[in-house]
Structures are given as C-alpha cells and as structure tokens.
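User: Could you walk me through how the strands and helices are arranged in this one?

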Amino acid sequence: MLQVNDLHKKFKGTTAVNGVNLYLGQGESIGLLGPNGAGKSTTISMISTLLTPTSGDIRFKGTDVFKQPDVIRPVLGVVPQEIALYEELTAYENMKFFGQTYGLSGKKLTIKIDEILELVGLTDRKKERIKNYSGGMKRRINMAVSLMHEPELLIMDEPTVGIDPQSRSHILEVVRELNRRKGMSILYTSHYMEEVEKLCDRVYIMDHGQIIASGTKEELKSILSSEDTILIEAHQKSDQFIDQLNENGRIQQVVKVDQGYKVIVSKGEDLFADIFELANVCQVKVKGVHVQTPTLEDVFLHLTGRKLRD
C-alpha cells in the first residue's frame, strides 16, 4: 500500500532523514520508534506530502505521491503531535468545519460527526468549546477530525503525549478498533514502547535519521536472543557505578532507566556478586537485582544506547 524508498531530507546541510526504507501493507499497523531528533516527524511530513524529499521517493499503491499528490491526500488522515483545533469553536463545530473541507455536507456530515463523537467518547461534551477541554479530551477530538472522511491510511504522530491514563487508554482502544475491526492501515509513532507493542504488527526503530532495525516484535527481540537483561534497582544514580560496570569485561552494555540500571550480558552469566561488590565500592544502595528476558525496549536500548523518552 505504502512504500518509502531510500528517502533523504537535508535542511541547510543537516541531514534529518538519511536513506529511510519502509513499507506498510493494506490493513496493517506499523510502529515507528525513535528518540527525539531521530527524524520520525520529518519522515511523516514527507509521507503526508507536506515536505518534499531531497532524494528518494514515496509510492502509494504504486504511484509516486510527489508527482501525483492527489493519489494519497483524499484518503490520508493525519493526527499531528501538536493539537490542531480551533480553541474558540466547540467540538461539534470543529468536526463540522473539517468535515466540510473533506467535501461532506448535509445529513451525511451530521451522521458522520455523531458516529465519530461516539467512537471517541465525547458525545455528551460536543457543545463545549475546545478551550475548556482537558488535554486528554483535546487529543481525542484531534484524532476525531482526522477520521471524518474515513481515511484508508491514518498517520498518528505521538497522539497520547501528556494526557491522563483514561484518555490514553481510550485512544489506544479506538486505534485498535480502527485497525483490527475496520481494516484501516496505520502508521503510529510513540514515545511509549508499551503502546507500540500493543497496537503494531511490525516495528521500525529509527535513530540519527536512519532505520537501524525492523521486523515483528518477535523478530526484533531475537536480536538479543543470546543475551539476558539484568535490572539493578537502586535508590540513586551514580556515574561512578556506571563506569565500574562498563569496565567489567562480561558486561556488554549499561543504560540508566527509571528504576536504576539495565545491564545486558551473555545468557547465563552470573554477575550478582560483581554487582553488589561494585555497588558497595560506589556507595550505591541496591534494592534488588533481577534477570529478565529481553524486551522490545531492551532491544531499543541496545541499538541506540538511549531510553525512548530521551
């Protein structure tokens, strides 16, 4: 359905996207993961025909979208990272406006507004102005307006950033329904690994403008199939402790995480004694040490050396 071929984008000598290749099948949901500055939003802007690439091409159902942008624009829905609504208008008025820009009118427009409002759970708040909405409600209407024309392809750029858990859960359920029950093709970027694991069939990991790994969740996890992840829970962080761990020849990688540290080692390595000895030397109080099967986030840490939220 969608093919991105050797895509490059430079801004005044700075390369933001450097040879990206990806594809999205009909009815498929794929995740695009990467830290801030990885090039995700620039890639999405080019797929949406908002930016022209320096080189490479994007094809939708075999047609070059830059030579014939109208092949994708009428069937594309985009949920931008920033709220793109008129604050002084009500939710209903926003949806009516955007519906009319897609060519909807009369009874068909009214029915579609009611249908989408019910889908995002805001029927009873449709007459309120957007400026009075909570952040989570704004995010839900931000998504709602992108669905007014029943797009074949929906691009969602970090749609749950900074919202309450209830709204976040509701958005994820809507995305799941659009993809699994209605067959909508979805390209989803997020800073939350668990969202991508829940929603996406395949995942692309992007860093420094390049795709550095791709595949199903199981295929990506197999990158660390011969490794174990050791979670070291600690009350405080210590650069000295990290340096000491990195000097241990049996440790492949050390990354700071919210709970403390994650250490990647060869499968079966027993490092408990070494960890507690180094913690004692560095005066780090360890709450617990756990050996875990590598997760998708561990693969991301291994490949980029950074947490997804960095």
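User: How do S9 and S10 pair, and over how many bridges?

Analyst: Strand S9 (residues 202–207) runs antiparallel to S10, and the two pair over 6 bridges, where pairing requires that DSSP finds at least two bridges between the strands. Strands (E, at least two residues) and helices (H or I, at least four) are DSSP runs numbered from the N terminus. The model is predicted, with local features needing pLDDT of at least 70, side-chain atom pairs counting only at pLDDT 80 or more, and totals for chains, interfaces and linings using all residues. Residues are numbered from 1 along each chain as its sequence is written, and side-chain values use heavy atoms, leaving out hydrogens and water.

User: What does Arg 202 stand opposite?

Analyst: Arg 202 stands opposite Thr 216 in S10.

User: And what is the strand order of the open sheet?

Analyst: The open sheet has 6 strands with mixed pairing, in the order S6-S7-S8-S3-S9-S10. Strands S6 (76–79) and S10 (210–216) are at the edges with a single partner strand each, so one side of each has no neighbour in the sheet.

User: Changing topic, which strands does helix H10 lie across?

Analyst: Helix H10 (residues 296–304) lies across strand S3 (29–33), S9 and S10, and runs at about 30 degrees to S9; axes are lines fitted to C-alpha atoms, for helices over the stretch in contact (heavy atoms within 4.5 Å), with angles from 0 to 180 degrees between N-to-C directions.

User: How do the axes of H2 and H3 cross?

Analyst: The axes of helix H2 (residues 91–101) and helix H3 (residues 106–119) come within 10 Å and cross at roughly 125 degrees.
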